[in-house]
Amino acid sequence: MRDEVRDMPADDRSGRARGLARRQVLGIGGALGLMAATGLSTAAVLSRRPAATGAELRSAMPLPPAFQVPLPLPSVLKPAGTGGGADRYEIVQREAQVEILPGVRTPMWTYGGTFPGPTIESRRGRPVMVTHCNELPVPTVVHLHGGRTRPDSDGYPTDLVLPGSWPTDGHAMGGMQGVMDMGAMPGMPATAGDARALTTRLTREYTYPLDQRPTLLWYHDHRMDFTAPAIWRGLAGLHIVRDDAEEALGLPAGDRELPLMIADRAFDADGSLAYPALDPTLRERPGVREPYLAGVLGDVILVNGAPWPVHEVGAARYRLRILNASNARHYALEAIGEDGRRLDLVQVGADQGLLATPVTHRRLPIAPAERYDVVIDFGAVPVGGRVRIVNRLGSGRSRDVMAFQVVRRATDDSRVPRVLSEDLPVWRRQDATRVREFAFRAGRKDGRHVWLIGGRPFDPSRTDVTTGFGDIEVWRLVADVHHPVHLHLVGFRILSRGGRAPLPHDAGLKDTVSLRPGESAEIITRFDGYRGRYLFHCHNAEHEDMGMMANLEIT
């Protein structure tokens, strides 16, 4: 990792940092030069266009036409208990046969038997405890993405929830041989010898204080080396945090607030999910086949687990709470009426909650793991009219996402106020105690293709960055190809892109920033909340599994 300017005086730091940014961008020489140096092929890293990282899997079975399947809404999980000032939930991770394509049963790994998993709704400042029981054939890890969570509940990649009768003697530990401290893991035997006899299914309780701004979070698997195929098989769900101040704004609510988890998948001829894993059992050998090293794209676009769905609406405003839960696919979303005109997408929130003021878009880019909260007004659409949500980065079937069918006139007392929030943190560049720089690039290690941060692949036994509790830092992130970079625990503001002002969709408090090919971006954050070990990584899930992850220690 490069940390060349952290010990410089603040006055010198900014000038030196700008120079570093210019040299770093010029030194990239473009993604093609890097790939030639590392041995990665152009086709493996860049798809049909620079913004679409990865290679597309083609389904081997007939696919349904678009806009025929009704949009499902994920069920809201009921608490198992509400005493002691906290809400308690129980989720069983299990295999299930799920109808994704009409009339076809697809075996999936699920939270509670559904895809997406059940939604958890919580109140700001009221703790939530979620007990996960693993009935799947492999270990899992649960990460609440965007949560301000203590390290023992953050979902570190080696903090496993083991299934029954799992061999824990160093065999089939999912890439963790030689690095796992058995006795340090909650619920684990003290020695490897004891572990060989372990046959009891284990559960794990995750505690989420939820002392954070109201927003849309999501929970997903985070097991080391196997995050990508586990999410692909279905281990993802939504978690919404609410508070009184947000509800008093008058934004569309009730059945006019729609959570939308967008994800792509591909299907084999028997209806099962296609995925190019080197080890389909997800037990011993991580990684994907050569054409998919830059990321796996599917040819079926799902919204809330349905292919290209349609949703009936009234001629009124609707609040769309959008999550890109794809492994690697990027989207540029537009809302287009039957007359070809684009409807405004009025952004009111980002990853970490409400913006200060609304931002209006005609096209909204969204990278893996990003969330955007937008209001769309169907009031001028005639009854019987259709509005399509399209992906301008897609081609063929991946160009369509979903549709809204206006079926009735409606009264509408909702609004989008000019001021949405006044509690956004204000961090100034001059208050930063240090400036760090990280390069996100492809590379090779031990003859294998890997993805690197600062020239190194992930190692759970190594501390990559140490910072003080409460410190404000500026991080400069530099990419070779497209990398959505996610920080655990903290939200951040985007200061610049390529030395220029942030883009309109960069407004608000983020936890994931989408770096475009050859781009540098600066972010600023304060490392507060809790002390302990956390992560930052690329949220292209295949990149993450192949080493693009690093440890952050808050002391």
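This is a predicted model: local features need pLDDT of at least 70, side-chain atom pairs count only at pLDDT 80 or more; totals for chains, interfaces and linings use all residues.
Local features need pLDDT of at least 70, side-chain atom pairs count only at pLDDT 80 or more, and totals for chains, interfaces and linings use all residues. Residues are numbered from 1 along each chain as its sequence is written, and side-chain values use heavy atoms, without hydrogens and water.

The protein contains 7 helices and 33 strands (DSSP runs: H or I of at least four residues, E of at least two, numbered from the N terminus). Of its 555 residues, 62% are buried (under 20% relative accessible area, 1.4 Å probe, protein chains only).

The largest nonpolar core has 119 residues (buried Ala, Val, Leu, Ile, Met, Phe, Trp, Tyr and Cys joined through side-chain atoms within 4.5 Å). L320, F378, F440, W475, L477 and F536 have the most contacts inside it. Strand β23 (residues 400-408) gives the largest share of this core, 5 residues.

The second largest pocket holds about 370 Å³ of space. A pocket is an open set of points on a 1 Å grid over the protein atoms alone, where a 1.4 Å probe fits, with protein on both sides within 12 Å along at least five of seven lines; lining residues have an atom within 4 Å of a point. The volume is the space filled by probe spheres set on the points, which are joined across faces, edges and corners. Among the 21 lining residues, L343, D344, D377, A380 and V381 are closest to the centre. Strands β17 (342-343), β21 (371-377) and β22 (386-391) each supply at least two lining residues. The largest share, 3 residues, comes from β21.

How values were computed: Buried means under 20% relative accessible area, exposed over 50%, partly exposed in between (1.4 Å probe, protein chains only).
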